[in-house]
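Open the model in a viewer and keep the selection panel at hand.

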Amino acid sequence: MNLRFKALTKSIWVFHAACSPCNNCDIEILDLLTPRFDVERLGMILAGSIRHADALLVTGVPNYKTKERLKKLYSQAPKPCVVVAVGSCACGRVMFKDSYNSPCPVDEVVPVDVYIPGCPPKPEAMIAGVAKLIKKLKGK
Amino acid sequence: MKILFHYLIFPGFLFASCMGLIAGWVDRKVTARVQWRKGPPWYQNFVDIIKLLGKETILPEGAKNTFLFAPFLGLLSVVLVATILGLSIRFPLESFVGDLIVVLYLLTMPAIALIVGAASSRNPLASIGVSREMKLVLGYELPFILAVIAIIIKSKGVIQIGAIINHQINFGSNIFLPSGWVSPAGVLAFVVAIFCMQAKLGLVPFDMSEAEQEIMGGTLIEYSGLPLAMFKLTKALLLYTLPLFMIILFLGKDLSPAMLIGKYVLLLVIVVLIRNTNPRLRIDQALRFFWGPMTFLAGAAVILAILGL
């Protein structure tokens with residue numbers, strides 16, 4: 001493992017891409033920044049711009065419009081960039097599988113590295129997902 | 001050779017950036033503790049810089065060359081300021097005439113670098129950030145220079161940092177009178193300079209040029225990888241340099257290492273507390289603040305300094 005990935009695992013800046021979610025996952029993501037969970041301990045902060053991001057946090061089921069935006073966002077992110085699918089919708093579309101406006105799940109649009117299921121996932125589950133992500137990056 | 005050593009290693013780049021990054025960590029840690037969080041480990045800012053160096057650098061379509069040159073312009077000038085200030089503290093008699101003015105000019109360079117770089121990125125949000133940054137520079141430079149003029153008058157009209165330090169060693173810090181009482185001119189100028197320092201650092205009440213919540217990073221929006229690391233490093237260097245400049249101007253009586261660190265920490269705590277107890281101002285409010293009360297106070301400080309108070 002080289003220095004580049006070692007530094008990346010210690011300071012993951014997260015860009016929050018909401019692909020038409022119901023906002024429950026987003027609220028739970030914001031919980032991660034609060035005193036109880038405080039992911040800044042692990043060096044994670046929310047980045048304002050996609051150009052600063054190391055991780056793309058995708059919530060919700062992409063529809064025809066957000067699908068294109070998501071693709072564009074991923075292409076705008078500086079590599080190495082990982083994608084985390086948060087919530088059951090982003091992981092596998094659950095009940096929107098046959099919906100008229102949901103063309104495909106997230107992982108057919110962008111390559112997803114970590115799936116965090118749950119509706120919404122608990123902040124603890126997200127931290128567990130982050131731990132898995134770090135393990136995966138270290139294995140790279 | 002010696003000049004290169006001073007510039008790159010001891011009071012210059014390496015030392016100053018290490019100090020600045022650690023100060024940046026203190027800022028983040030204290031902020032976290034104020035918000036009842038734990039905060040990042042001490043090496044966090046170093047890791048951030050190393051990580052950004054390893055990331056891809058994206059050049060936006062149609063960006064000018066200045067997009068990549070600007071970060072280095074800002075960084076190099078702040079390193080020069082750090083070198084001049086560090087050398088003046090160690091050898092007050094060896095500084096050259098007029099270095100105060102050089103330092104004032106060089107301290108404006110990071111803001112100009114940010115303006116030049118962001119303006120060439122062709123991003124609409126960046127251009128909003130640029131216009132705010134420009135107005136902010138126009139706002140804070142006037143009271144800041146007036147505050148410095150008050151200090152120049154108090155130290156008998158010298159424009160040499162070493163001479164200002166010498167004057168304070170002989171007659172007491174500039175926020176005190178030679179008789180030992182608090183000097184109204186010095187204190188007024190000090191208060192004004194602290195607010196200008198906050199704006200120069202781009203920290204929370206005056207961070208409207210890179211407001212992450214409304215304009216997504218503003219001036220920094222298109223930067224990634226190496227140039228972003230340079231801007232972060234410039235910010236860290238400013239966090240080391242500006243409080244040092246304040247100490248030299250206002251609290252320069254005893255500059256032994258222990259006292260220097262104590263005064264530096266005091267100023268850092270003031271900066272962090274202002275940052276944590278204030279919401280972000282709108283740009284018009286900031287401009288009114290600097291051209292109204294701050295300029296008035298700084299003008300009063302100059303008049304009091306002429307009267308010898």
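## Stop 1: a strand pair in chain A

Select A17(A) and then V58(A): A17(A) stands opposite V58(A) in β3(A). The model is a predicted one.

## Stop 2: the faces of β3(A)

Show side chains on β3(A). A55(A), L57(A) and T59(A) point one way, while L56(A) and V58(A) point the other way. Is this strand enclosed or open to the outside? Five of the five residues of β3(A) are buried, so the strand is largely enclosed by the rest of the structure.

Now centre on A55(A), which lies in strand β3 of chain A. A55(A) counts as buried because it has 24 C-beta neighbours inside 10 Å, where the cut-off for burial is 20 or more. Leaving out residues up to four places away in sequence, A55(A) touches I12(A), V14(A), C81(A), V82(A) and V84(A).

## Stop 3: the whole sheet

Select the five strands of chain A that form an open sheet, in the order β2-β1-β3-β4-β5, with parallel pairing. Its edge strands are β2 (45–46) and β5 (114–116), each of which pairs on one side only.

Strand β4 (residues 82–86) of chain A is joined to β5(A) by three bridges, and the two run parallel. Within this pair, A85(A) has Y115(A) of β5(A) as its bridge partner.

Helix α2 (residues 24–31) of chain A lies across β1 (13–18), β3 (55–59) and β4, at about 140 degrees to β3(A). Helix α6 (residues 123–139) of chain A also packs on the sheet, where it touches β4 and β5 and makes about 170 degrees with the direction of β5(A).

## Stop 4: where the chains meet

Show both chains. Contacts link 26 residues of chain B to 17 residues of chain A. On the chain B side, the elements that give two or more residues are α3 (44–54) and α10. The largest share, six residues, belongs to α3(B). By type, the chain B side divides into 11 nonpolar, seven polar and eight charged residues.

## Stop 5: α10(B) and the cores

Select helix α11 (residues 257–276) of chain B together with α10(B): their axes come within 9 Å and cross at roughly 115 degrees. The crossing is right-handed. The contact involves P243(B), L244(B), M246(B) and I247(B) from α10(B), and L260(B), K263(B), Y264(B), L267(B) and L268(B) from α11(B). These residues comprise eight nonpolar, no polar and one charged.

Which residues touch the most other members of the largest nonpolar core? Among its 97 residues, they are A147(B), A150(B), A189(B), V192(B), I248(B) and A301(B). Helix α10 (residues 225–250) of chain B supplies the largest share of this core, 18 residues. Another core, of 41 residues, lies apart from it and includes A47(A), V61(A), L70(A) and C89(A).

Finish on I248(B). Beyond its neighbours within four places in sequence, I248(B) is in contact with L85(B), S88(B), I89(B), I161(B), I164(B) and I165(B).

Notes
Residues numbered from 1 in each chain as written. Chains lettered and ligands numbered in written order. Predicted model: local features only at pLDDT ≥ 70, side-chain atom pairs only at ≥ 80, totals over all residues. Core = buried A, V, L, I, M, F, W, Y, C linked by C-beta atoms within 7 Å. Buried ≥ 20, exposed ≤ 12 C-beta atoms within 10 Å, placed from the backbone. Helix = DSSP H or I, 4+ residues; strand = E, 2+ residues; numbered from the N terminus. Contact = placed C-beta atoms within 7 Å. Axes fitted to C-alpha atoms, helices over the stretch in contact; angles between N-to-C directions. Left-handed = near helix turned anticlockwise from the far one by under 90°. Nonpolar A, V, L, I, M, F, W, Y, C, P; charged D, E, K, R; others polar. Pairing = 2+ DSSP bridges.
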